[in-house]
Amino acid sequence: MRILVINGPNLNMLGIREKEIYGTETYDDLVKYILRYQEIYNSQIEIFQYNGEGQIIDKIQEAYFMKVDAIIINPGAYTHYSYAIRDALLAVNIRTIEVHLSDISKRDEFRKHSVITDVCEKSFFGKKFHSYGEAIDYLHQ
Ligand code: DQA
């Protein structure tokens, strides 16, 4: 299975940003955590991080032409208001799993709503890195 993992803004700041929420592990640690699953499932996993909305949309569109089997996406704060990312996911019609490190249902009011949840097959959140692990496990079920 070929999986594209797309991480949005400020996820490159893991280990520095709001440690009480996101933990002390860094973005590199996250990448290593995810890549371990390649051997477990003998899958191909490519991981990208972008701060810009347009870059995320470009990568989602590219996924269509790359013929990936699934997208795992953590759009960061764009989760809560980017209709453009939502439209891009609808356009490519690829199996997509939404993930978040934190439990967005128990934080600020504006984080409780995700504009992509209903265009994603499944959402995993609140388990830090394990949210990604759960998404990968789910895709291989
Ligand atoms: C996040 C949650 C978002 O609300 C926030 O803006 C992020 C990270 C998460 O993984 O918990 O940047 O997507």
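Modeller: What follows looks at a pair of helices, then at a further helix, and lastly at the pocket. Please keep in mind that this is a predicted model. Two packed helices are described by the angle between their axes and the distance between the axes. For helix α3, residues 53-66, and helix α4, residues 83-92, the axes come within 9 Å and cross at roughly 5°. Angles under 35 degrees count as roughly parallel, and therefore α3 and α4 are described as roughly parallel to each other. On the α3 side the contact is made by Glu-53, Ile-56, Ile-57, Ile-60, Gln-61 and Tyr-64, while α4 contributes Ala-84, Ile-85, Ala-88, Leu-89 and Val-92. An α-helix has 3.6 residues a turn, so residues three or four places apart point the same way. Sorted by class, the contact of α3 with α4 has 9 nonpolar residues, together with 1 polar and 1 charged.

Helix α5, residues 129-139, is mostly covered, with 8 of its 11 residues buried. The buried residues of α5 are Phe-129, Ser-131, Tyr-132, Gly-133, Ala-135, Ile-136, Tyr-138 and Leu-139, and what covers them includes the strands β1 (2-7), β2 (44-49), β3 (70-74), β4 (95-100) and β5 (122-125), as well as helix α2 (27-41).

As for the pocket, the largest one holds about 170 Å³ of space and is lined by 15 residues, of which Arg-17, Tyr-22, Gly-76, Ala-77 and Arg-111 lie nearest its centre. By class, the lining of this largest pocket has 6 nonpolar, 6 polar and 3 charged residues.

Definitions and conventions: Residues numbered from 1 in each chain as written. Predicted model: local features only at pLDDT ≥ 70, side-chain atom pairs only at ≥ 80, totals over all residues. Heavy atoms only, no water. Axes fitted to C-alpha atoms, helices over the stretch in contact; angles between N-to-C directions. Helix = DSSP H or I, 4+ residues; strand = E, 2+ residues; numbered from the N terminus. Parallel < 35°, antiparallel > 145°, perpendicular 65-115°, else oblique. Contact = heavy atoms within 4.5 Å. Nonpolar A, V, L, I, M, F, W, Y, C, P; charged D, E, K, R; others polar. 1 Å grid on protein atoms, 1.4 Å probe; cavity = no way out; pocket = protein on both sides within 12 Å on 5 of 7 lines; lining within 4 Å. Points joined across faces, edges and corners; volume = space filled by probe spheres on them. Buried < 20%, exposed > 50% of the residue type's maximum accessible area, 1.4 Å probe, protein only.
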